[in-house]
Amino acid sequence: MRAQPHTEKLQLQYDSTVRQLLQTVGAHRYLNAQGQTTVADWQTIQNKVLTYAENNGYPFAEIGLTDLRVNENRLMEGRITYRSGTLIRFDTLIIVGQGGIKPVLLQTMLSIYPGQLFSQAAVRQAEEQLKTLPFLRLTRPPDVLFRFDRAHLVLHVEPVQVNRFDGVVGFLPNQERQGSVLLTGMVNLELGNLFNGGKSLRAEWQRMRAATQSLRIGYDHPLLFRTRLGAGFQVNFLKEDTTFFNLQWQGQLSYPLMWGQHPAGKVGFFVRNQTSVLTDSSRRSTERGIANTRFLSYGISYRFSRLDNILQPQRGWQLAWEAGAGNKTAAVRTPQGFATFHVARFIATGKQTALMLRTTGGIMLGQSLFLNELFRLGGLQTLRGFNENDFFASRYLIGTAEYRLYFEESSFLFAFTDYGRLAGQTTAQTFADSPLGLGFGINVGTKGGIFSLTYAMGNSARLQQSFSLEQSKIHFGYVSRF
(Lines give C-alpha, C1' and ligand atoms only; values in the text may rest on other atoms or scores of the structure.)
Protein backbone atom coordinates (compact mmCIF):
# COMPACT_ATOMS: atom_id res chain seq x y z
CA MET A 1 0.00 0.00 0.00
CA ARG A 2 1.30 3.43 -0.92
CA ALA A 3 2.10 5.70 2.03
CA GLN A 4 0.09 8.87 2.51
CA PRO A 5 1.90 12.07 1.43
CA HIS A 6 2.29 13.37 4.98
CA THR A 7 4.19 10.21 6.01
CA GLU A 8 6.46 9.87 2.95
CA LYS A 9 10.18 10.17 3.68
CA LEU A 10 12.59 12.63 2.11
CA GLN A 11 16.39 12.40 2.04
CA LEU A 12 17.70 15.98 1.83
CA GLN A 13 21.13 17.47 1.27
CA TYR A 14 22.21 21.07 1.95
CA ASP A 15 25.33 23.17 2.29
CA SER A 16 26.70 24.95 5.37
CA THR A 17 24.85 28.18 4.56
CA VAL A 18 21.48 26.44 4.54
CA ARG A 19 22.45 24.47 7.67
CA GLN A 20 23.12 27.71 9.51
CA LEU A 21 19.80 29.16 8.33
CA LEU A 22 17.87 26.08 9.50
CA GLN A 23 19.50 26.33 12.92
CA THR A 24 18.73 30.04 13.15
CA VAL A 25 15.00 29.57 12.51
CA GLY A 26 14.77 26.38 14.62
CA ALA A 27 13.92 24.15 11.64
CA HIS A 28 16.88 21.80 12.03
CA ARG A 29 15.00 19.71 14.57
CA TYR A 30 12.66 18.52 11.80
CA LEU A 31 15.63 16.71 10.18
CA ASN A 32 17.42 13.71 11.65
CA ALA A 33 21.19 13.25 11.62
CA GLN A 34 21.06 11.70 8.15
CA GLY A 35 19.06 14.61 6.74
CA GLN A 36 15.79 12.66 6.56
CA THR A 37 12.37 14.20 7.12
CA THR A 38 8.73 13.77 6.09
CA VAL A 39 6.76 15.67 3.49
CA ALA A 40 4.69 17.31 6.25
CA ASP A 41 7.82 18.36 8.17
CA TRP A 42 9.39 19.71 4.96
CA GLN A 43 6.39 21.99 4.57
CA THR A 44 6.92 23.15 8.17
CA ILE A 45 10.60 23.84 7.40
CA GLN A 46 9.61 25.94 4.38
CA ASN A 47 7.10 27.96 6.39
CA LYS A 48 9.59 28.66 9.17
CA VAL A 49 12.31 29.79 6.77
CA LEU A 50 10.02 32.02 4.72
CA THR A 51 8.41 33.53 7.83
CA TYR A 52 11.82 34.34 9.26
CA ALA A 53 12.95 35.84 5.96
CA GLU A 54 9.89 38.06 5.42
CA ASN A 55 10.24 39.44 8.94
CA ASN A 56 13.95 40.18 8.58
CA GLY A 57 14.17 42.13 5.35
CA TYR A 58 13.72 39.42 2.70
CA PRO A 59 10.04 39.28 1.66
CA PHE A 60 10.95 37.72 -1.74
CA ALA A 61 13.00 34.82 -0.37
CA GLU A 62 12.55 31.37 -1.94
CA ILE A 63 13.31 27.89 -0.64
CA GLY A 64 12.84 24.70 -2.62
CA LEU A 65 14.24 21.35 -3.71
CA THR A 66 16.36 20.55 -6.77
CA ASP A 67 17.96 17.39 -8.19
CA LEU A 68 14.99 15.26 -7.17
CA ARG A 69 15.30 11.49 -7.67
CA VAL A 70 14.35 8.18 -6.03
CA ASN A 71 17.36 6.34 -4.56
CA GLU A 72 17.95 2.62 -4.10
CA ASN A 73 16.13 2.69 -0.75
CA ARG A 74 13.05 4.05 -2.51
CA LEU A 75 13.49 7.40 -0.75
CA MET A 76 13.01 10.69 -2.55
CA GLU A 77 16.30 12.55 -2.58
CA GLY A 78 16.82 16.26 -3.19
CA ARG A 79 18.97 19.29 -2.41
CA ILE A 80 17.66 22.27 -0.47
CA THR A 81 18.20 25.55 -2.29
CA TYR A 82 17.63 28.98 -0.79
CA ARG A 83 17.62 32.38 -2.48
CA SER A 84 17.18 35.37 -0.23
CA GLY A 85 16.37 37.93 -2.89
CA THR A 86 16.95 41.66 -2.44
CA LEU A 87 17.31 43.08 1.07
CA ILE A 88 14.31 45.37 1.60
CA ARG A 89 14.03 48.23 4.08
CA PHE A 90 11.06 50.36 5.06
CA ASP A 91 10.74 53.86 3.64
CA THR A 92 8.27 56.63 4.56
CA LEU A 93 4.58 55.95 5.13
CA ILE A 94 2.12 56.81 2.39
CA ILE A 95 -1.25 58.00 3.76
CA VAL A 96 -4.20 57.91 1.38
CA GLY A 97 -7.12 60.02 2.63
CA GLN A 98 -7.44 62.61 5.37
CA GLY A 99 -5.99 60.73 8.30
CA GLY A 100 -6.08 63.57 10.78
CA ILE A 101 -2.64 62.84 12.26
CA LYS A 102 0.89 63.84 11.34
CA PRO A 103 2.63 61.04 9.36
CA VAL A 104 5.81 61.28 11.45
CA LEU A 105 3.81 60.73 14.64
CA LEU A 106 1.89 57.83 13.12
CA GLN A 107 5.24 56.37 12.14
CA THR A 108 6.36 56.56 15.76
CA MET A 109 3.11 55.07 16.99
CA LEU A 110 3.49 52.07 14.66
CA SER A 111 7.26 51.75 15.28
CA ILE A 112 8.00 51.69 11.53
CA TYR A 113 10.89 53.95 10.54
CA PRO A 114 12.74 54.63 7.27
CA GLY A 115 15.79 52.38 6.98
CA GLN A 116 14.33 49.71 9.26
CA LEU A 117 14.42 46.13 7.91
CA PHE A 118 11.15 45.16 6.29
CA SER A 119 8.91 42.94 8.42
CA GLN A 120 5.59 41.47 7.38
CA ALA A 121 4.78 40.98 11.07
CA ALA A 122 5.24 44.74 11.58
CA VAL A 123 2.72 45.38 8.80
CA ARG A 124 0.17 43.10 10.49
CA GLN A 125 0.85 44.71 13.87
CA ALA A 126 0.33 48.15 12.33
CA GLU A 127 -3.13 47.14 11.12
CA GLU A 128 -4.09 45.86 14.57
CA GLN A 129 -2.78 48.99 16.28
CA LEU A 130 -4.63 51.32 13.92
CA LYS A 131 -7.89 49.58 14.82
CA THR A 132 -7.44 50.73 18.44
CA LEU A 133 -7.13 54.44 17.60
CA PRO A 134 -10.37 56.31 18.36
CA PHE A 135 -9.70 59.19 15.94
CA LEU A 136 -8.70 57.18 12.85
CA ARG A 137 -10.40 54.46 10.80
CA LEU A 138 -8.93 52.15 8.16
CA THR A 139 -11.08 52.08 5.03
CA ARG A 140 -9.24 49.01 3.71
CA PRO A 141 -6.34 46.80 4.83
CA PRO A 142 -2.87 48.35 4.49
CA ASP A 143 -0.92 47.82 1.27
CA VAL A 144 2.83 47.56 0.74
CA LEU A 145 4.39 49.30 -2.26
CA PHE A 146 7.85 47.99 -3.20
CA ARG A 147 10.22 50.28 -5.09
CA PHE A 148 13.68 48.86 -5.78
CA ASP A 149 15.03 47.99 -2.30
CA ARG A 150 12.46 50.04 -0.38
CA ALA A 151 8.98 49.27 0.95
CA HIS A 152 6.33 51.94 1.56
CA LEU A 153 3.46 51.06 3.90
CA VAL A 154 0.31 52.49 2.31
CA LEU A 155 -2.51 53.34 4.73
CA HIS A 156 -6.03 54.07 3.50
CA VAL A 157 -7.65 56.01 6.33
CA GLU A 158 -10.33 58.49 7.20
CA PRO A 159 -10.79 60.63 10.34
CA VAL A 160 -13.36 59.82 13.01
CA GLN A 161 -15.23 62.55 14.85
CA VAL A 162 -14.00 62.05 18.40
CA ASN A 163 -14.41 65.57 19.79
CA ARG A 164 -17.34 65.41 22.13
CA PHE A 165 -19.51 67.91 23.95
CA ASP A 166 -22.46 66.70 25.94
CA GLY A 167 -24.68 67.76 28.77
CA VAL A 168 -27.09 65.91 31.00
CA VAL A 169 -30.00 67.48 32.80
CA GLY A 170 -31.51 65.63 35.75
CA PHE A 171 -34.70 66.14 37.72
CA LEU A 172 -34.35 64.87 41.29
CA PRO A 173 -36.55 65.18 44.37
CA ASN A 174 -35.43 68.16 46.44
CA GLN A 175 -34.58 66.79 49.88
CA GLU A 176 -34.65 70.28 51.38
CA ARG A 177 -38.07 71.19 49.96
CA GLN A 178 -40.74 68.53 50.06
CA GLY A 179 -42.86 68.30 46.94
CA SER A 180 -40.38 70.12 44.70
CA VAL A 181 -37.66 68.98 42.34
CA LEU A 182 -34.01 69.96 42.03
CA LEU A 183 -32.44 70.63 38.66
CA THR A 184 -29.01 69.05 38.41
CA GLY A 185 -26.61 68.84 35.51
CA MET A 186 -23.39 67.69 33.98
CA VAL A 187 -21.25 69.19 31.22
CA ASN A 188 -18.59 67.06 29.56
CA LEU A 189 -16.04 68.20 26.96
CA GLU A 190 -13.58 65.83 25.26
CA LEU A 191 -11.14 66.97 22.60
CA GLY A 192 -9.25 64.17 20.86
CA ASN A 193 -6.31 64.28 18.47
CA LEU A 194 -5.41 67.86 19.36
CA PHE A 195 -3.23 69.55 16.72
CA ASN A 196 -3.21 66.27 14.74
CA GLY A 197 -0.84 64.83 17.33
CA GLY A 198 -3.01 62.24 19.08
CA LYS A 199 -3.26 64.34 22.24
CA SER A 200 -6.53 64.56 24.17
CA LEU A 201 -8.07 66.97 26.66
CA ARG A 202 -11.17 66.35 28.76
CA ALA A 203 -13.13 68.39 31.28
CA GLU A 204 -16.24 67.45 33.25
CA TRP A 205 -18.37 69.52 35.60
CA GLN A 206 -21.22 68.14 37.71
CA ARG A 207 -23.72 69.56 40.12
CA MET A 208 -25.26 66.71 42.09
CA ARG A 209 -27.07 68.60 44.85
CA ALA A 210 -27.75 72.20 45.77
CA ALA A 211 -24.36 72.82 47.42
CA THR A 212 -22.39 69.90 45.97
CA GLN A 213 -20.43 69.96 42.75
CA SER A 214 -17.30 68.51 41.14
CA LEU A 215 -14.82 69.39 38.42
CA ARG A 216 -12.43 67.03 36.60
CA ILE A 217 -9.74 68.01 34.08
CA GLY A 218 -7.38 65.61 32.31
CA TYR A 219 -4.78 65.68 29.54
CA ASP A 220 -3.00 62.84 27.70
CA HIS A 221 0.12 63.15 25.55
CA PRO A 222 0.65 59.75 23.86
CA LEU A 223 3.97 60.25 22.02
CA LEU A 224 6.32 61.99 24.41
CA PHE A 225 9.47 63.26 22.65
CA ARG A 226 8.40 61.23 19.59
CA THR A 227 8.66 57.95 21.45
CA ARG A 228 5.93 55.44 22.31
CA LEU A 229 6.05 56.65 25.91
CA GLY A 230 2.90 58.50 26.93
CA ALA A 231 2.37 61.07 29.67
CA GLY A 232 -0.64 62.70 31.26
CA PHE A 233 -2.13 64.42 34.24
CA GLN A 234 -5.53 64.92 35.80
CA VAL A 235 -7.00 67.14 38.50
CA ASN A 236 -10.23 66.33 40.39
CA PHE A 237 -12.08 68.70 42.69
CA LEU A 238 -15.12 67.75 44.81
CA LYS A 239 -17.05 70.03 47.16
CA GLU A 240 -19.42 68.14 49.45
CA ASP A 241 -22.13 70.61 50.60
CA THR A 242 -20.79 72.50 53.64
CA THR A 243 -18.80 69.55 55.02
CA PHE A 244 -15.51 69.21 53.14
CA PHE A 245 -13.80 69.54 49.81
CA ASN A 246 -11.30 67.16 48.16
CA LEU A 247 -8.54 68.09 45.73
CA GLN A 248 -6.69 65.33 43.89
CA TRP A 249 -3.96 65.59 41.27
CA GLN A 250 -2.22 62.79 39.42
CA GLY A 251 0.64 62.49 36.93
CA GLN A 252 1.36 59.32 34.98
CA LEU A 253 3.59 57.72 32.37
CA SER A 254 2.31 54.91 30.13
CA TYR A 255 3.58 52.53 27.47
CA PRO A 256 1.66 50.36 24.97
CA LEU A 257 2.20 46.59 25.07
CA MET A 258 2.11 43.97 22.31
CA TRP A 259 1.29 40.26 22.50
CA GLY A 260 2.68 38.74 19.34
CA GLN A 261 1.15 40.74 16.52
CA HIS A 262 -1.73 42.15 18.56
CA PRO A 263 -1.95 45.22 20.83
CA ALA A 264 -2.09 44.08 24.45
CA GLY A 265 -3.22 47.23 26.20
CA LYS A 266 -1.27 49.92 27.99
CA VAL A 267 0.61 49.81 31.29
CA GLY A 268 1.04 52.95 33.35
CA PHE A 269 2.83 54.23 36.43
CA PHE A 270 1.41 57.13 38.42
CA VAL A 271 1.88 59.37 41.41
CA ARG A 272 -1.25 60.71 43.09
CA ASN A 273 -1.84 63.25 45.83
CA GLN A 274 -5.23 63.74 47.51
CA THR A 275 -5.96 66.44 50.05
CA SER A 276 -9.23 66.60 51.98
CA VAL A 277 -10.04 69.77 53.92
CA LEU A 278 -12.96 70.25 56.29
CA THR A 279 -15.00 73.43 56.10
CA ASP A 280 -15.55 75.70 59.11
CA SER A 281 -19.00 74.30 59.83
CA SER A 282 -17.78 70.70 59.99
CA ARG A 283 -14.53 70.92 61.94
CA ARG A 284 -16.34 69.97 65.13
CA SER A 285 -18.00 66.96 63.48
CA THR A 286 -15.41 64.41 64.61
CA GLU A 287 -18.20 62.04 65.58
CA ARG A 288 -18.92 61.58 61.86
CA GLY A 289 -15.45 60.19 61.25
CA ILE A 290 -14.12 62.98 59.04
CA ALA A 291 -10.78 64.76 59.24
CA ASN A 292 -8.24 66.83 57.35
CA THR A 293 -6.06 64.37 55.44
CA ARG A 294 -3.27 64.23 52.87
CA PHE A 295 -2.54 60.99 51.02
CA LEU A 296 0.45 60.67 48.68
CA SER A 297 0.58 57.38 46.77
CA TYR A 298 2.40 55.64 43.93
CA GLY A 299 0.90 52.95 41.77
CA ILE A 300 0.56 50.96 38.56
CA SER A 301 -2.34 50.74 36.12
CA TYR A 302 -3.33 48.68 33.09
CA ARG A 303 -5.92 49.24 30.36
CA PHE A 304 -7.02 46.99 27.53
CA SER A 305 -9.78 47.40 24.96
CA ARG A 306 -10.72 45.27 21.99
CA LEU A 307 -14.11 46.32 20.60
CA ASP A 308 -15.63 45.97 17.15
CA ASN A 309 -16.76 49.60 17.32
CA ILE A 310 -15.27 52.05 19.80
CA LEU A 311 -18.32 54.34 19.79
CA GLN A 312 -21.15 51.76 19.53
CA PRO A 313 -19.71 48.34 20.47
CA GLN A 314 -21.60 45.09 20.01
CA ARG A 315 -18.69 42.70 20.50
CA GLY A 316 -15.50 42.74 22.50
CA TRP A 317 -13.84 43.32 25.86
CA GLN A 318 -12.73 46.19 28.05
CA LEU A 319 -10.47 45.81 31.06
CA ALA A 320 -8.90 48.33 33.42
CA TRP A 321 -7.34 48.12 36.85
CA GLU A 322 -5.07 50.14 39.09
CA ALA A 323 -3.40 49.66 42.45
CA GLY A 324 -1.45 52.05 44.61
CA ALA A 325 -0.04 52.56 48.08
CA GLY A 326 1.57 55.32 50.09
CA ASN A 327 1.44 57.26 53.35
CA LYS A 328 -1.49 59.25 54.66
CA THR A 329 -1.06 62.14 57.04
CA ALA A 330 -3.92 63.02 59.40
CA ALA A 331 -3.36 63.26 63.14
CA VAL A 332 -0.60 60.68 62.62
CA ARG A 333 1.16 59.22 59.58
CA THR A 334 -0.09 55.77 58.52
CA PRO A 335 0.33 53.51 55.46
CA GLN A 336 -2.65 53.14 53.13
CA GLY A 337 -3.43 51.33 49.86
CA PHE A 338 -6.17 50.94 47.28
CA ALA A 339 -7.11 48.97 44.18
CA THR A 340 -9.91 49.24 41.60
CA PHE A 341 -10.92 47.27 38.52
CA HIS A 342 -13.39 47.45 35.63
CA VAL A 343 -14.32 44.58 33.27
CA ALA A 344 -16.93 44.83 30.49
CA ARG A 345 -18.00 42.26 27.89
CA PHE A 346 -20.16 43.05 24.86
CA ILE A 347 -21.97 40.05 23.36
CA ALA A 348 -23.86 40.24 20.07
CA THR A 349 -27.10 38.28 20.56
CA GLY A 350 -28.45 39.00 17.09
CA LYS A 351 -27.97 41.24 14.08
CA GLN A 352 -29.50 44.20 15.94
CA THR A 353 -29.21 43.19 19.59
CA ALA A 354 -26.37 43.03 22.09
CA LEU A 355 -25.84 42.33 25.78
CA MET A 356 -23.39 44.33 27.86
CA LEU A 357 -22.12 42.72 31.08
CA ARG A 358 -19.96 44.85 33.36
CA THR A 359 -18.32 44.41 36.76
CA THR A 360 -16.52 47.12 38.71
CA GLY A 361 -14.97 46.94 42.14
CA GLY A 362 -12.60 48.60 44.55
CA ILE A 363 -11.02 48.29 47.97
CA MET A 364 -9.31 50.77 50.28
CA LEU A 365 -7.00 49.50 53.02
CA GLY A 366 -5.74 51.49 55.99
CA GLN A 367 -5.60 51.58 59.77
CA SER A 368 -7.77 54.67 60.10
CA LEU A 369 -10.09 55.54 57.24
CA PHE A 370 -12.22 58.67 57.23
CA LEU A 371 -15.57 59.20 55.53
CA ASN A 372 -14.37 62.11 53.39
CA GLU A 373 -11.65 59.99 51.67
CA LEU A 374 -13.73 56.95 50.73
CA PHE A 375 -14.84 55.94 47.21
CA ARG A 376 -17.84 57.90 45.92
CA LEU A 377 -20.44 55.96 43.95
CA GLY A 378 -23.89 56.37 42.49
CA GLY A 379 -25.40 58.08 39.49
CA LEU A 380 -25.36 57.72 35.73
CA GLN A 381 -21.85 56.21 35.51
CA THR A 382 -22.02 53.61 38.32
CA LEU A 383 -25.40 53.02 40.02
CA ARG A 384 -28.30 54.39 38.03
CA GLY A 385 -31.46 55.19 39.94
CA PHE A 386 -29.54 57.16 42.57
CA ASN A 387 -28.08 60.62 42.89
CA GLU A 388 -24.49 61.22 41.81
CA ASN A 389 -22.02 60.31 44.56
CA ASP A 390 -24.77 59.30 46.98
CA PHE A 391 -22.77 56.38 48.39
CA PHE A 392 -19.58 56.20 50.43
CA ALA A 393 -17.65 52.91 50.45
CA SER A 394 -14.26 51.49 51.37
CA ARG A 395 -15.13 48.27 49.49
CA TYR A 396 -17.55 47.81 46.63
CA LEU A 397 -18.55 45.43 43.85
CA ILE A 398 -21.09 46.48 41.21
CA GLY A 399 -22.54 44.27 38.49
CA THR A 400 -24.42 45.62 35.46
CA ALA A 401 -26.44 43.90 32.76
CA GLU A 402 -27.73 46.01 29.87
CA TYR A 403 -29.63 44.74 26.85
CA ARG A 404 -29.58 46.87 23.70
CA LEU A 405 -31.77 46.85 20.60
CA TYR A 406 -30.19 48.79 17.72
CA PHE A 407 -32.45 50.28 15.08
CA GLU A 408 -29.88 52.63 13.44
CA GLU A 409 -26.10 52.97 13.47
CA SER A 410 -26.10 55.26 16.53
CA SER A 411 -29.59 54.61 17.88
CA PHE A 412 -30.76 51.95 20.29
CA LEU A 413 -33.22 51.12 23.02
CA PHE A 414 -31.86 49.65 26.25
CA ALA A 415 -32.97 48.16 29.53
CA PHE A 416 -30.61 47.66 32.48
CA THR A 417 -30.08 46.58 36.04
CA ASP A 418 -27.27 47.71 38.35
CA TYR A 419 -26.64 45.81 41.56
CA GLY A 420 -24.01 46.67 44.14
CA ARG A 421 -22.53 45.31 47.33
CA LEU A 422 -21.05 48.21 49.29
CA ALA A 423 -19.30 48.34 52.65
CA GLY A 424 -17.58 51.07 54.62
CA GLN A 425 -15.41 51.12 57.68
CA THR A 426 -14.21 54.39 59.19
CA THR A 427 -12.93 55.54 62.55
CA ALA A 428 -16.51 56.31 63.59
CA GLN A 429 -18.74 53.70 61.96
CA THR A 430 -19.13 50.51 59.98
CA PHE A 431 -21.90 50.14 57.41
CA ALA A 432 -23.04 48.04 54.46
CA ASP A 433 -25.64 48.27 51.72
CA SER A 434 -26.91 46.40 48.66
CA PRO A 435 -28.39 49.00 46.30
CA LEU A 436 -30.32 47.90 43.23
CA GLY A 437 -31.11 50.06 40.21
CA LEU A 438 -33.53 49.27 37.38
CA GLY A 439 -34.46 51.25 34.31
CA PHE A 440 -34.62 51.75 30.59
CA GLY A 441 -33.78 54.39 28.02
CA ILE A 442 -33.13 55.37 24.45
CA ASN A 443 -30.26 56.83 22.44
CA VAL A 444 -31.20 58.52 19.17
CA GLY A 445 -28.54 59.48 16.65
CA THR A 446 -29.06 62.64 14.60
CA LYS A 447 -26.91 64.57 12.15
CA GLY A 448 -25.82 66.90 14.92
CA GLY A 449 -25.27 64.35 17.67
CA ILE A 450 -26.90 61.79 19.96
CA PHE A 451 -29.91 62.48 22.16
CA SER A 452 -30.34 60.23 25.21
CA LEU A 453 -33.10 59.70 27.74
CA THR A 454 -32.73 57.45 30.80
CA TYR A 455 -35.39 56.59 33.37
CA ALA A 456 -34.25 54.74 36.49
CA MET A 457 -35.47 53.72 39.95
CA GLY A 458 -33.34 52.58 42.86
CA ASN A 459 -33.72 50.69 46.11
CA SER A 460 -31.32 51.19 49.03
CA ALA A 461 -31.80 50.36 52.70
CA ARG A 462 -29.05 52.73 53.87
CA LEU A 463 -30.48 55.69 51.93
CA GLN A 464 -34.02 54.66 52.89
CA GLN A 465 -34.94 54.81 49.22
CA SER A 466 -37.39 52.38 47.64
CA PHE A 467 -38.74 51.82 44.15
CA SER A 468 -41.24 54.62 43.67
CA LEU A 469 -42.25 57.18 41.09
CA GLU A 470 -41.51 59.99 43.53
CA GLN A 471 -37.85 58.96 43.91
CA SER A 472 -37.21 57.92 40.32
CA LYS A 473 -34.51 59.61 38.26
CA ILE A 474 -34.89 61.04 34.74
CA HIS A 475 -31.77 62.06 32.82
CA PHE A 476 -31.77 63.92 29.52
CA GLY A 477 -28.54 64.13 27.58
CA TYR A 478 -27.18 65.31 24.27
CA VAL A 479 -23.82 64.34 22.79
CA SER A 480 -22.40 66.40 19.94
CA ARG A 481 -19.41 64.98 18.04
CA PHE A 482 -17.29 67.22 15.86
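Select R83 to begin: with a relative accessibility of 52%, this residue counts as exposed (exposed means over 50% relative accessible area, buried under 20%, and partly exposed in between, with a 1.4 Å probe and protein chains only). The structure is a predicted model, in which local features need pLDDT of at least 70 and side-chain atom pairs count only at pLDDT 80 or more, while totals for chains, interfaces and linings use all residues. Residues are numbered from 1 along each chain as its sequence is written, and side-chain values use heavy atoms, with hydrogens and water left out.

E62 is partly exposed, at 43% relative accessible area. R83 and E62 form a salt bridge, their closest N and O atoms lying 3.0 Å apart (a side-chain nitrogen of Lys or Arg within 4 Å of a carboxyl oxygen of Asp or Glu). Because R83 belongs to strand 4 (residues 76–83) and E62 to strand 3 (residues 62–70), the pair ties together parts that are 21 residues apart in sequence. Strands here are DSSP runs of E, at least two residues long, numbered from the N terminus.

Then move to D143 and R140, whose side chains meet in a salt bridge of 2.9 Å, N to O. D143 is partly exposed at 27%, and R140 is partly exposed at 42%.

Now select E322 and R272. Their side chains form a salt bridge of 3.1 Å, N to O. The pair links distant parts of the chain, 50 residues apart: E322 is in strand 18 (residues 316–329) and R272 in strand 16 (residues 262–278). Both residues are buried.

The whole structure contains 13 salt bridges.

Key
Helix = DSSP H or I, 4+ residues; strand = E, 2+ residues; numbered from the N terminus.
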